[in-house]
Amino acid sequence: MMLVQDKVAVITGAASGIGESTALRYAEEGAKVVAADVDVEAGQATVDEIEDDGGEATFVETNVAEEDDVKEMIETAVSEYGGIDVLFNNAGIEGPLSTFADYDMDSFDQVVAVNLRGVFMGIKYGIEAMLADGGGSIISTSSIAADSGVMGRSAYSATKAGVNGMTRVAAMEYAEDDIRVNTVLPGIVETPMHHRAAEQKPDRVTRFEVSEAMQGKGQPERLADAVLFLGSDLSARITGVTLPVDGGFLIKP
Ligand SMILES: NC(=O)c1ccc[n+]([C@@H]2O[C@H](COP(=O)([O-])OP(=O)(O)OC[C@H]3O[C@@H](n4cnc5c(N)ncnc54)[C@H](O)[C@@H]3O)[C@@H](O)[C@H]2O)c1
C-alpha cells in the first residue's frame, strides 16, 4: 500500500531542491501532484519526470506572493483532480545576506511577500478548499533560522518564525475540521539555495556554519520523507508541530 495513494498534493517551489524532491516522492507514493513554481521550465521538467515514471502531475505557473496566482493554483487542484488533500507551502527565498544597518527595505518587502504573505495565502486558500472536501494536511517549510536566528538573515529568520506562528494558529482554528497544519524546519540542505548562500562572503556577518550533530549535509530527499510522513495518515494525530529535520543542529550546544 502506498503512503499517499490517490491523494492530491499541491507543492510550491516544485521546480528545485526540497520542493522538487517532495513532488517526485509524493508521486512515487501514489499522489496526484500539482507542481507550482515561478520557474516554468524547471517546474515543467519536474512534471515530465513524474509522468515519465508513470505518475500523474500538472504544472501551474505560480508566484506565491500573488493572491490571484495562489487562488488559481488551488483551483487547478480542484478542477483537475477533484479536490486537495495535501498542501506543501515550500517556495521561499533567502534574500540578501546583510546586517540590519545595511538591509535594503525593498529586499525586506520581497522576502516577507514570498516567505510570509505567500505562506499565509497558501494556508488561507488551502483551508478554504479543504473545508469543502472533508479536511487535509498543510505543511509549510520553515527553517532552523526561526529558532536559532542566522546573522545576516534578519528578514529570512523573521519570516520563518512567522510561519511557525501562523501554523500553530491555523492548527488550533481548524483541528475540529480535520485539517492538520504543521511545519518542517530544515537544517542545512544541499540545494541550489544552500549553494548560493555558501558562496556569499560578506565582511560583517558570520557565515552559517555547518554544525549539525550528525555527520554529512542534509539532502532534499530526507526533507521529502518528513513531508511525506506529515501528509500521510501515519501522522493522523499530529498537528501544530514544528518538526526539525536538521541532523541535530538545534540540540547541539
Ligand atoms: N536549503 C536549505 O539549506 C534550507 C534550509 C532551511 C530552509 N529552507 C527552505 O526550504 C524551502 C525550499 O528551499 P530550497 O533549498 O529547496 O531552495 P531552492 O532555491 O532550490 O528552491 C526554491 C524554489 O522556490 C521557487 N520560488 C522562489 N520564489 C518563488 C515564488 N515567489 N513563487 C513560487 N515559487 C518560488 C524557486 O523558483 C525554486 O524552484 C525554502 O522555503 C527555504 O527557505 C532551505
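## Basis

The model is predicted: local features need pLDDT of at least 70, side-chain atom pairs count only at pLDDT 80 or more, and totals for chains, interfaces and linings use all residues. Residues are numbered from 1 along each chain as its sequence is written, and side-chain values use heavy atoms, with hydrogens and water left out.

## The sheet

An open sheet is built from 7 strands, ordered β3-β2-β1-β4-β5-β6-β7. The pairing is parallel. Strands pair if DSSP finds at least two bridges between them. Helices (H or I, at least four residues) and strands (E, at least two) are DSSP runs, numbered from the N terminus.

The edges belong to β3 (56-61) and β7 (242-245). Each has a single partner strand, so one side of each is left without a neighbour in the sheet. From one strand to the next, the twist averages 20 degrees. Axes are lines fitted to C-alpha atoms, for helices over the stretch in contact; angles run from 0 to 180 degrees between N-to-C directions.

β7 pairs with β6 (residues 179-186) in the parallel sense, over 4 bridges. Here T183 stands opposite T242 in β7.

## A helix on the sheet

Helix α3 (residues 67-81) packs on the sheet. It touches β1 (8-12), β2 (32-37), β3 and β4 (86-89). Contact means heavy atoms within 4.5 Å. The direction of α3 makes about 155 degrees with that of β3.

## Around the ligand

A backbone N or O atom of V189 lies 2.9 Å from a ligand oxygen atom. A polar backbone atom of V64 is 3.0 Å from a ligand nitrogen atom.

Methods
Polar contact = N/O pair within 3.5 Å; in protein donor to acceptor, adjacent residues only side chain to side chain.
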